[in-house]
Amino acid sequence: MASTLLFGATILTVDPQDTILDRGWISIRDGRISGVGPHSACPDAGLFDEVIDCQGRLVMPGLVNAHTHAAMILFRGRAEGQSLLTMDGWYNAIREPELAMKPEDVAPAVDLSCAEMLMSGTTTFCDQYFFADEIAAAAANSGMRAVVAYGIVQLGDVEKGRDELAKAIAFLEYQRSADGRIIPWLGPHAPFVDNSEDLLKVEVDVALRHGVGLHLHMAAGPEDNAETLARYGLTATAALERDGFFAARVHAAHCLDLSDDDIAVFARAPQASVAHCASASLRSGRKGICPVKSLREAGVVVTLGTDNVAANNSYDMIAEMRTAGLLAGHREGVAQVISSRELIRMATIDGARALGLDHEIGSLEVGKAADLISIDIDSPGYSDCPDVAALLVYSGSGRDVCDVWVGGERLVAERRLTRRSYKEIRAAYGSAYDAFWSRVAAQRTAA
């Protein structure tokens, strides 16, 4: 693999000291970061196969979208007026048309999602959905890193639960990319609401046996706690702890309705994290707001995710940082209760930590995989500022991303995809979209 030197950039390393370098440099060899430093120590350009002048650019770790459903780009703009964080809204807007989905719909949808994520600076995403094999294959083709959790929805059907679990186990056993970029997990959709207590107990055993994480929705809708409070006198979080669920790595999305006792459950779990999806939460109309400040103060890893683009409409993780910061200030009644630097860490190293990948990605440190992005900070909306982190979070946009590397491979060069053209991806998606919604219409007519 070619060696590369980037120089002249403002560099957000997101290392333990939160080092920021003015006119800094970063070198890449064999897909890994071989050096990072200040202008005064920049190595000889003649030692590298490729040299890139990054003046006017911000270079930082690739963003980690810690919760999404890439195939659901098929539903973008189709859930207006529906709250997707309630059972009724999800079932009516999403689940019913999902029944018409076929494997051939998935790859073009995930291709487009990966293109949008890459072009807005995301290098790693955590997905939970059906058709996990197709999602994993499409993610691998994009060059991105992905944790793909096989989504299990039981909805009271015991036989279906057994069948889906068997397929999930097969996925765990066979779906791991040779280059390590695609990692299989298990994805119980939601505890107790659509995964029974018995199934949940088996799922945690499977996760522990295979050494994988569990990615699920938790405290997302009013049904979550209503179900377990009526049955056990416990919140869903407390009921899961009682059943040993938190013995495994647990990565929970949304977490809008956590009590102080629920937060304590996460804090004492060995490997528990939360994916805060601020934009999707706001758009849902739910009054609950994820208690990010309290979770972080308790020592819980809190990450950021877009959720699906029916609930959000965008994969822009820079916008997600901004929304998360604003929402936390609104919830706590304190301006900037989470600093811009903390928000950047939530979208990078904390996301990597939640997925068990912080040894490999999430910060620009020697020896780590070269997953990094460059952002044009000479473009409109940016100006001289003493705090480049605040400039990025509150003035920036994913549309300002110019270049993206994953494992040292330049997947976006000057705003253009390198493996496959965006135009080709968009055209293939358009055909798949038309075919899918025609099938949904026929299904509804037949019913």
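Predicted model: local features only at pLDDT ≥ 70, side-chain atom pairs only at ≥ 80, totals over all residues.
So, is Arg296 buried, exposed or partly exposed? Arg296 is partly exposed, with a relative accessible area of 26%.

Okay, what does Arg296 do with its side chain? Arg296 meets the side chain of Glu342 in a salt bridge, 3.1 Å from N to O. What I like here is that this pair links distant parts of the chain: Arg296 sits in helix α10, Glu342 sits in helix α12, residues 340-346, and they are 46 residues apart. Glu342 is partly exposed too, at 29% relative accessibility.

Let's stay on α10 for a second, residues 292-297. There's another salt bridge here, between Glu297 and Lys293, and its closest N and O atoms are 2.7 Å apart. How far apart are those two along the helix? Four residues, so about one helical turn separates them.

Glu424 is partly exposed at 43% relative accessible area, and Arg420 is partly exposed at 29%.

How many salt bridges are there in total? The count comes to 33. Some of them join into a network, and that one links Glu50, Arg57, Asp403, Arg410 and Glu414.

Now, helix α15. This one runs over residues 422-446, which makes 25 residues. From first C-alpha to last, α15 reaches 36 Å, close to the 36 Å you'd expect at 1.5 Å a residue. Which of its residues are buried? Ile425, Tyr429, Gly430, Ala432, Phe436, Trp437 and Val440. And what covers them? The cover includes α1, residues 87-98, α2, residues 103-119, and β17, residues 416-417.

Last stop, the surface. Tyr91, Leu99 and Leu155 make a nonpolar patch of about 270 Å². If you want to find Leu155 on the screen, look in the loop between β8, residues 145-152, and α4, residues 158-174. Leu155 has a relative accessible area of 36%, so it counts as partly exposed.

Note on methods: Residues numbered from 1 in each chain as written. Heavy atoms only, no water. Expected span 1.5 Å × (residues − 1). Buried < 20%, exposed > 50% of the residue type's maximum accessible area, 1.4 Å probe, protein only. Contact = heavy atoms within 4.5 Å. Patch = residues over 30% accessible without salt bridge, like charges linked within 9 Å, V, L, I, M, F, W, Y side chains within 5 Å. Areas by Shrake-Rupley, 256 points an atom, 1.4 Å probe, with all protein chains shown as cover. Salt bridge = Lys/Arg side-chain N within 4 Å of Asp/Glu carboxyl O.
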